[in-house]
Amino acid sequence: MPLLSIKGLIVAADGLHLIDGVDLDVEGGKISALVGESGSGKSLTALAAIGLLSNNLELIKGRIEFDNVNIAELSEREMSSLRGRQISMIFQEPVGSLNPLAPVGVQVAESLEVHGIASGKRAFSKAIELMERVGIPQPEIRAKQLPYELSGGMCQRAMIASALVAEPKLLIADEPTTALDVTVQAQILQLLSELSSELGLSVLLITHDMGVVAEIADDVSVMYGGRIVERGSVENIFALPHHPYTQMLLQTLPRIDRPRKEELFTISGSVPSPGDQRSGCRFFPRCDRAIDDCKERPVLLPGVDGAACFSPL
Ligand SMILES: Nc1ncnc2c1ncn2[C@@H]1O[C@H](COP(=O)(O)OP(=O)(O)O)[C@@H](O)[C@H]1O
Ligand SMILES: [Mg+2]
C-alpha cells in the first residue's frame, strides 16, 4: 500500500478542470517526483492533497488516501492537525517563507511549540539540535540570526528543520531548490535523500527539472496540462521514455557528452492554457508524433507504469 494515494483528482476554477483526473502514489520511505513545466498543475495537485486549495478553486472529485484514510473527507480541523504532524510541506522561496524579523532558531522553536513538542528554552535548544541535524554549521550562532543573515541554502535547511519537528511521514517539497544555485541545490537534494533513508521519510518532490529528478528520486510522474502523461521508475524513464513530452523534457537536460557551446534544447510552443479542455491529448499541438486519434480520443494512462500516448516511442 502506498503511503499517499491520489485517485481521480479533479480540481476546477470557474468550471475549467485545471487538474483533470490525476492519479499519483507515494510509497513509504520513497522519493517520488512530480515533474512538468511551469503551469502544468504540480502545485495544485499537492495543495489539493493537503486541503489547502484557495477559495476560488473547487475539488470536484478525488480520493486522497493517506495511511489508509481518505483524507479528502476529513473536517478542516482534522486536516489541519494532520498538516505539519503527518504531512509537511516546504516551498520554493526559503528566505521569503521565513519571517524576516524573527531569529531563525526562534522560528524553528515556534514550530515545536505549535505542535506541542517543546516550549520555552527547551524548544530553543531542541531547535538548535534540529538545525545541526539538517547541516547548518554553528547552529547556536545561526539560531540567533535573522533570515537575511543566512544564505538561501541555510534558510532552506532551516525550513526543512521546521517541517520535520513533528517527525512527519511525508514531506512535500515544492520546487525546494529552484531558487538556489547549482552547488547548493545538490547539497539540499543530498540532505533530502539522507533524511529519507535515515528517517524512512517519504518525499513528494515537485520540480520542473529532470536533473533534480535524476539526482534523488526513485520514481517519477510526468505532468502535462493537468494530467499525468507518463510514470515509472527513474531508471526506466531515463533509459526509455515513452511519451514524446517526457522525451522532450529529457532533451532539455545539459549533457556532458555534448560540446559546451551547443545551445540547450528548449521545448517549442507553450503549455496549454487552462482553457484547453480537449478530450484528446493536450500535448497534441506540440507533438511531432501525433496521429489523428490523438486529437479528440481520450487516452488513458496504463494502470502501472507507462505512458498515456497513442503513438509512444
Ligand atoms: N487560485 C487559482 N485560480 C485560478 N487558476 C489557478 C490558481 N492557481 C493556479 N491556477 C492555474 O492552474 C494551473 C496549474 O497551476 P500550478 O499547479 O501552480 O502549476 P505548477 O505548479 O505546475 O507550475 C495554471 O494554469 C495556473 O495558472
Ligand atoms: Mg508550482
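A residue is termed buried if 20 or more other C-beta atoms, placed from the backbone, lie within 10 Å of its own, exposed if 12 or fewer do, and partly exposed in between. The model is predicted: local features need pLDDT of at least 70 and side-chain atom pairs count only at pLDDT 80 or more, whereas totals for chains, interfaces and linings use all residues. Residues are numbered from 1 along each chain as its sequence is written, and chains are lettered from A and ligands numbered from 1 in the order in which they are written.

**View 1. Helix α4 and its surroundings.** Helix α4 spans residues 104-114, and its buried residues are Val104, Gly105, Gln107, Val108, Ala109, Ser111 and Leu112. Helices (H or I, at least four residues) and strands (E, at least two) are DSSP runs, numbered from the N terminus. The buried residues of α4 pack against α5 (120-133), α6 (139-143) and α7 (152-163), where contact requires C-beta atoms, placed from the backbone, within 7 Å. Just after α4, Gly116 has a positive phi of about 65 degrees.

**View 2. The open sheet.** Seven strands with mixed pairing follow the order β6-β7-β8-β3-β9-β10-β11; two strands pair if DSSP finds at least two bridges between them. Because β6 (87-90) and β11 (306-307) stand at the edges with a single partner strand each, one side of each lacks a neighbour in the sheet. Strand β6 runs parallel to β7 (residues 170-174), to which four bridges join β6. Within this pair, Ile87 stands opposite Leu170.

**View 3. The contact between the domains.** The domain assignment, automatic or from a database, gives domain 1 (4-86 + 168-307) and domain 2 (98-167). Their centres, taken over C-alpha atoms, are separated by 29 Å. Domain 1 provides 11 residues to the contact and domain 2 provides 12. On the domain 1 side, helix α8 (residues 182-199) gives the most, with four residues.

**View 4. Helix α11.** Pro244, Tyr245, Thr246, Met248 and Leu249 are buried in helix α11 (residues 244-251). The partners against which the buried residues of α11 pack include β3, α9 (210-216), β9 and β10 (227-233).

**View 5. The shell around ligand 1.** Ala13, Leu18, Lys42, Ser43 and Leu44 come nearest among the 14 residues around ligand 1, a residue being near if its C-beta atom, placed from the backbone, lies within 6 Å. Helix α1 supplies the largest share of this shell, three residues.

Methods:
Two residues are in contact if their C-beta atoms, placed from the backbone, lie within 7 Å.
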